[in-house]
Every structure is written in structure tokens, then in C-alpha cells.
Amino acid sequence: MIITVAGEKKEYKEGLSLVELIELEKIDMPEYVTVSINDDFVSSEDKETTVLKEGDSVEFLYFMGGGC
Amino acid sequence: MAMTDEQIERYSRHIILKEVGAKGQKKLLNGSVLIIGAGGLGAPAALYLAAAGVGHIGIVDADDVDLSNLQRQVIHSTADIGKAKVKSAKESMEAINPDVKVTTYRMFVDSTNIRELIREYDFIIDGTDNFPAKFLINDACVLEKKPFSHAGIIRFQGQLLTYVPGEGPCYRCVFKNPPPKDAVPTCKQAGVIGAMAGTIGTLQAMEAIKYLIGKGDLLTGKLLTYDALKMEFRKINLKKDCKCAVCGENPSIFEPIDYEQEVCEETAGRFATRDEQ
């Protein structure tokens, strides 16, 4: 199935879970990364159980603390 | 109040723009912006807002200028090393544009001073370098119903979003709570390219200017991300979180919170002096 990850369309296996996607995309420190699917934030409780479906658009939003 | 001939000449490249005109320029001259942090982000933001003729600019920072700041903090020069950053920033802004009234606050923001500080200004720029301050500013702006620009930078990456009361999500809607101390690297630990601070701080100034003149679309409900190595800008849609602890339907935060501080620079002592001219 096709999923858009950070604006890029990619092919993944059917029934891919969010946890598997985070591993495949090598997301660093995922516990501190906000995830949105189709513009809705995924709550931390739902992160473990969310399964992706064809056409989903996933964004990873990272903490950036610098300014100095 | 009518502009002087000198002001008409100084701001002629603004006035000629149909989106600005004399009317918009007067809005800038009557407008006020508070910049929290006179560092990498605050430096370009302060310079462009002063040059643009924003009538009153407040600048907050407790630190002194250090040699390691000068790779990116373009408002300070080598001769300013050891000087209070707010003093150095004020001198640079006034040198560019004597029209501008600059108020300096040589202090750290915390839960006891932030609400009163932002109350006097039309728009707030978060140019701070740590998560406790970013959450403090967000919560205070939500509680005081003040628009603000959040930005963060690290390595070759930057991000920003604009909060406008009643129009879309706040910073806490997206990021919930500060990460534990040392969990996410600071730019002192990880480095940052100087021009990244210039780009993102300038975009913050642009948001302030658009807000003051009331033109264009702000980054409300959007996170703009910039990856300089890929030379890629992306705008990510954000929705308000109805469960947000500060701006949601059943908020649990009614006062700004002092989280544990972890800042980029070694900080001098706590100052709480105000120099207004």
C-alpha cells in the first residue's frame, strides 16, 4: 500500500503499524516525536496500537529547542 | 500622525508596496513587538523590525555577549564581547533606526514576570534557546491572548509556527510537554549553522510585520520546517488539540509553569534590571 511519509509517497506492506513505520524510517528518539496522521495528532497512548492504511499521510514533528 | 519627509524617504520601499502603503507603515510605526532572547533568532528579528520602523521593540535577555555567539548573532559585534546582550542589541537597533523606541529587560523570563512583560506588546517573538522558556512563553501568550511566533533551530534544521488567539493550535497542542532535561540536544551540544538562525529569525520578523499590517497568511495551523541540507521548506498542517492543557476545552493550566532550565550558554547571574529610554 502507498503511504505518504513527510510529504513523500512510499510503498509499504499491508497492515503496517505505526511502530513498524517508526522503525523503518529510523526515527530517532520516537518517544519525543509528535506524530500526525492525516493532520490528526496521534496521542501517546495510541502510538503503540495504531495501524496504517492505504493513502494515509504521516508527519513526524520534532522538538527543536535552539534559538541561541 | 503624519510621517515626516525623512520617514517617507526611509520607508519608501515599504510605502510603494500595495500591501503596505502609508497606512501599513503607520501601523508598523504604531506597533510594538517583544523579542525574548537576543541570540541567534532574536538578532536578525530585532534588526529587521528596527529597520522596518516598528515603533516600540522590547528585548529580553540576561546574558552578556560571548565570542562564541558571534558566528550567528549578527546584532552583536566583536567590540561588544562582555557587554549585556540587551544593551548591545539596543545600540545596534538605534544605530539602524533612531525612530524606534527600544526597551531592554536584562533578565530571565519566568512565571512571575512573563505575563506582565508580554501584556504591553502587540506581538511576541520567541527567540529563546530552551524548552522551559518556549512552553512558558506559549502558555503566557495563550493566557494573555497574545499572538506569538515560535521558532526552533538546530544543526541545518529550523521550524516555526505562529499562534494567534482563537485561530488554531498553540505550541503545546503539538508538543504537549517539555522533553526531560538533556533528552533532546541543544544547539550548544549539537551545533547550528549561523545562517539558519538568520533565515528563521528573519521569518519570525516577517510574521510580526504581516500581523501588524494585517496582510497575508500567517503560519497559524501550520508548522513550517526548513531543511537547509536538502534546501527544502515544508508546511505541515496542524489542528488544534481540543484536549490541550492550556488552550483546550478543559484546560488544566491557568498560570505559566517554571520547568527546570537547561540553556545553551553559561548564564551570568540573575538580573532583573530594566532600562527604559
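The model is predicted: local features need pLDDT of at least 70, side-chain atom pairs count only at pLDDT 80 or more, and totals for chains, interfaces and linings use all residues. Residues are numbered from 1 along each chain as its sequence is written, while chains are lettered from A and ligands numbered from 1 in the order in which they are written. Helices (H or I, at least four residues) and strands (E, at least two) are DSSP runs, numbered from the N terminus.

**Confidence**

- The complex has an ipTM of 0.93 and a pTM of 0.94 from the predictor.
- The average pLDDT (the predictor's confidence in each residue, from 0 to 100) of chain B is 93, and 94% of its residues score at least 70.
- Residues 265–277 of chain B have a pLDDT below 50; this stretch has 19 contacts in the model beyond near neighbours in sequence.
- Where pLDDT is low, the predicted coordinates should not be read in detail.

**Contact between the chains**

- In total, 34 residues of chain B are in contact with 14 residues of chain A; two residues are in contact if their C-beta atoms, placed from the backbone, lie within 7 Å.
- On the chain B side, at least two residues each come from α7 (131–144), β5 (148–154), β6 (157–163), α8 (171–175), α9 (187–190) and β8 (232–237).
- The largest share of that side, 4 residues, comes from β5(B).
- The side of chain B that touches chain A has 15 nonpolar, 12 polar and 7 charged residues. Ala, Val, Leu, Ile, Met, Phe, Trp, Tyr, Cys and Pro count as nonpolar, Asp, Glu, Lys and Arg as charged, and the others, Gly among them, as polar.

**Sheet in chain A**

- An open sheet of 5 strands has the order β2-β1-β5-β3-β4 in chain A, with mixed pairing; two strands pair if DSSP finds at least two bridges between them.
- The edges are β2 (8–11) and β4 (40–41) of chain A, each with a single partner strand, so one side of each has no neighbour in the sheet.
- Strand β1 (residues 2–5) of chain A runs antiparallel to β2(A), and 4 bridges join the two.
- Ile2(A) has Glu11(A) as its bridge partner in β2(A).

- Axes are lines fitted to C-alpha atoms, for helices over the stretch in contact, and angles run from 0 to 180 degrees between N-to-C directions.
- Angles under 35 degrees count as roughly parallel, over 145 as roughly antiparallel, 65 to 115 as roughly perpendicular and the rest as oblique.
- The axes of α4 (residues 42–52) and α10 (residues 194–213) of chain B come within 7 Å and cross at roughly 40 degrees, which makes α4(B) oblique to α10(B).
- Residues in this contact include Tyr48(B) of α4(B) and Gln204(B) of α10(B); by class there are 10 nonpolar, 5 polar and no charged residues.
- α4(B) also packs with α5 (residues 85–96) of chain B at about 30 degrees, with the axes 8 Å apart; the two helices are therefore roughly parallel.
- Here Ala46(B), Leu47(B), Ala50(B) and Ala51(B) in α4(B) meet Ala89(B), Ser92(B), Met93(B) and Ile96(B) in α5(B).
- Helix α3 (residues 21–29) of chain B packs with α10(B) at an angle of about 115 degrees, with axes 8 Å apart; these helices are therefore roughly perpendicular.
- Gly24(B), Lys27(B) and Leu28(B) of α3(B) make that contact with Ile209(B), Leu212(B) and Ile213(B) of α10(B).
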